[in-house]
Amino acid sequence: MTDSASRLNAHYDALAVAGGGNLLRRLRAAFRAAGCDPDRLTLEAIAGIDQLHLGGRAASHSLAALAGLGPGERVLDVGCGTGGASRLLAAEVGCEVIGVDITTAFVAVAEWLSAATGMAGQTRFLCADAARTPLPDAGVDVVWCQHALMNMPDVPGVLAEWHRLLVPGGRVLLHEVVAGDNPEPLALPVPWARTPATSHLQRRGALEASLAGAGFSPVCVRDVTDAALAWRQKHTRRETGEEAGRAPLPGPALIFGDTFVEMGRNLRDNLAAGKVRILEGVWRRA
């Protein structure tokens, strides 16, 4: 593992154990406390820890619809976290999905949640660096990536790996955080970084140039910052207790630890101040 990959793994591993003890054991105990059998769960029950990106399941639905994903397509979910998008694409679209993440604790949780929801046969997960996966050439139809490139210092290396893994004509689907026009420093911590050392935001133009240089042509790219900000504002109110009726089921604070509420506020403020923006898009491999 490279030094940058080790720092990234350390960041997410620190989050994964921030609440004390092994993440998998802690989450299983939380489901028991909520009256659920941790070995027999529904997708609705795990929604709070399922997709750890802006927009949640709605953002994943939007990206899948934008790309016109269909049954039987082979998808690599890069930076899969706890595997929520992988399960959504398998359950609702009928894709064959491999999730890859650099954080061992997240991969363990993703495997457990797929088994507990009866989806172990439709999804599998791999702990690996996105720039160096042990997967065969031209083995997937789609690379799916939500809020992960901003953690990757070697974007050209990652994109070259995606080009290798995709079949000719395959697609890259991105829902990504990019740098905004406001040059002021980010309010930190945010979910992907506690310090600037693990945040590698690119401007939209630079990201699109990198994709073009790696052999990917844009099909459809749009800025979805306003929708992301509205979603983050709503969830910040819930997380800070400004809205009543929070469900007792496990939520993202169990993943991100005691700093989760601060991370959410900072992300909201960075979006509102124009320090970051959110892109959704589809690119095709030549």
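Among contacts in the protein chain between residues at least 6 apart in sequence, what percentage join residues at least 24 apart?

Tutor: The model is a predicted one. Among contacts between residues at least 6 apart in sequence, 79% join residues at least 24 apart. The protein chain has 286 residues, of which 52% count as buried, and its secondary structure comprises 11 helices and 7 strands.

In it, 7 strands follow the order S3-S2-S1-S4-S5-S7-S6, forming an open sheet with mixed pairing. Its edge strands, S3 (123-127) and S6, each pair on one side only. Direction ignored, neighbouring strands are turned by 20 degrees against each other on average.

H7 lies across S1, S4, S5, S6 and strand S7 (276-285), and its course runs at about 150 degrees to S5. At the N-terminal end, H7 is capped by Asp154, a side-chain oxygen of which lies 3.0 Å from the backbone nitrogen of Gly157.

Within the helix, Val155, Val158, Leu159, Glu161, Trp162 and Leu165 are buried. These residues are on the same side of H7 because they cover an arc of only 155 degrees around the axis. The buried residues of H7 pack against strands S1 (74-78), S4 (140-146), S5 (166-179) and S6 (216-223), and also against helix H8 (204-213).

Key:
Residues numbered from 1 in each chain as written. Predicted model: local features only at pLDDT ≥ 70, side-chain atom pairs only at ≥ 80, totals over all residues. Heavy atoms only, no water. Buried < 20%, exposed > 50% of the residue type's maximum accessible area, 1.4 Å probe, protein only. Helix = DSSP H or I, 4+ residues; strand = E, 2+ residues; numbered from the N terminus. Arc of directions from axis to C-beta. Contact = heavy atoms within 4.5 Å. Polar contact = N/O pair within 3.5 Å; in protein donor to acceptor, adjacent residues only side chain to side chain. Pairing = 2+ DSSP bridges. Axes fitted to C-alpha atoms, helices over the stretch in contact; angles between N-to-C directions.
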